[in-house]
Amino acid sequence: MERQGNAPPDNIPVVLAREGQHGPVIHAANRTARLEGITPGSRVVDMRAICPELQVAYADEAGDRAALDRLVLWARRWCPWTVRDGNDGLILDTTGADHLWGGEAAMLVEMETQLSLLGLTARLAVAPTWGAAWALARFGPVRAICGADEIYFKLGALPVAGLRLDAPTLLLLRRLGLKTIGAVMDVPRLSLTRRFVKAGVQANPLIRLDQLMGKLAEPVSSVDARPVIRAQARLAEPVFDPTPYLPELCDDLCDQLKQTGQGCRRLHLTVYRTDGDVSHVDVAISAPTRDPAHLHGLFRDKLERINPGFGFDLITLAAGALEEMQDRQTRLEGGADDDLRLTQLIDRLSAKFGPRAVTRPILRQSHLPERAEAQIAALANAPSEGTVLIRERPLRLLDHPEEVRVLYAVPEGPPAQFVWRRQTHRVARYAGPERIAPEWWKDRPGTRLRDYFKVENQTGLRLWLYREGLHEDGRGGDPRWFVHGFFA
């Protein structure tokens, strides 16, 4: 199943776990697991004791939220106002749109059908308020429909958890014997106000009841869909070479980017052939830009890979990875400084030789100098978990430390004289040591620690030396000396 990407059978209890305070806890469970007594929020260790055949996989919470945000925009086929509701729900304001689908019942059937085609199981409900729809969808019957004058009767028997309250408030209400929404409705408002006067929205049953009954407005603040920046050329007759149309497409695309105040870091060229085949050419950019000449140059030598077939009749150019971009004035007279265009050079080299041919260094979390640097593609985004240098490091670091032959050493200090690259160096001054211990979680047992020194020889050359090991440390013979880098 893992190799083919198939979902597990329905008769296997499967849960998704996330990290908790005392180990992994249940984040979500399928129907079989819930029937076995598995509840979200419980520890995985405890649930394995109840159900030994439980299958556990870690949840991708960030990926779920991103998928739900895309689903919010996808759901606008039914109504123009949609918004994400927590981590597992959608709220759609279908006012005035249900008659387009044949009524509320037919609309719910259509929604459930379309969601099932995406492989999603959904519980749907229609109600006059956000809170009522939330409660019916999670605790009510299948495809429940509630009118404006039916809220008290259809929601009164639902559990008090349908009020969208936090866990401590729900526990308090259950201890008071208020286990249903109707029981909370029957409590005098003055008593609820005195008890929860200082509580927030998620801990105040009175506010949640007013939202559920429609006494407090809870409008749907719909998010705006990101505009699609795309330029296209519809051709009257098929052509075999899209190159002559690229400059105009790039100009049109950059005008759209300038109007929205954005720049792009990816371009997607799509060529539609007359026989129905489609060809794609993608290019990446190291920094956001909207320079049409530069964007056009990135497709040089790339269009030759397209098989023209019987010709093209439609060409589209779309911008991807959009970022905010402002015009900058770099000269006093108002012009731009075009003497150094490092990013454009990186883009051209990457487009010609491939994205992996051009790399740049980044910092990594490691005390060892040779592990504190890594090479990534110049067009790739740098990871956010970078380290900060708190000590001076040489401008040039040797790929492999070069061993030196010590002629005379100072106790607990650097060698007074040493031979390196067939030349004798006499230490005029030094600073250190800086001790760097091995990384026990990566290095083999017995790896020796290092003492680094910054030394300057008689000619002013500044080197970075280290002594590997100590006398009688039980991890080898006498200490060895190495040159690891050069200072300015």
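How far is the sulfur of Cys250 from the closest cysteine sulfur? The legends below take up this question and a few others. This is a predicted model, in which local features need pLDDT of at least 70 and side-chain atom pairs count only at pLDDT 80 or more, while totals for chains, interfaces and linings use all residues. Residues are numbered from 1 along each chain as its sequence is written, and side-chain values use heavy atoms, with hydrogens and water left out.

**View 1. Cysteines without a disulfide.** The sulfur of Cys250 lies 6.3 Å from the closest cysteine sulfur, in Cys254, which is too far for a bond. For Cys264 the closest cysteine sulfur is also in Cys254, at 6.7 Å, again too far for a bond. Zero disulfides turn up in a search of the whole structure; a disulfide here is a pair of cysteine sulfur atoms within 2.5 Å. Cys250 is buried, at a relative accessible area of 0%, and Cys264 is buried with 0% as well (buried means under 20% relative accessible area, exposed over 50%, partly exposed in between, with a 1.4 Å probe and protein chains only).

View 2. Helices (H or I, at least four residues) and strands (E, at least two) are DSSP runs, numbered from the N terminus.

**View 3. Around Leu317.** Beyond its neighbours within four places in sequence, Leu317 is in contact with residues including Leu249, Cys250, Leu253, Leu267 and Phe299 (contact means heavy atoms within 4.5 Å).

View 4. Strand 4 (residues 81-85) and strand 5 (residues 89-93) run antiparallel, joined by five bridges; strands pair if DSSP finds at least two bridges between them. Asp85 has Gly89 of strand 5 as its bridge partner. Three residues lie between the strands, and Gly86 takes a positive phi near 70 degrees.

**View 5. Val228 in its loop.** Val228 sits in the loop between helix 10 (205-213) and strand 8, and counts as exposed at 55% relative accessibility. Val228 and Val278 are 50 residues apart in sequence and 20 Å apart in space, C-alpha to C-alpha.
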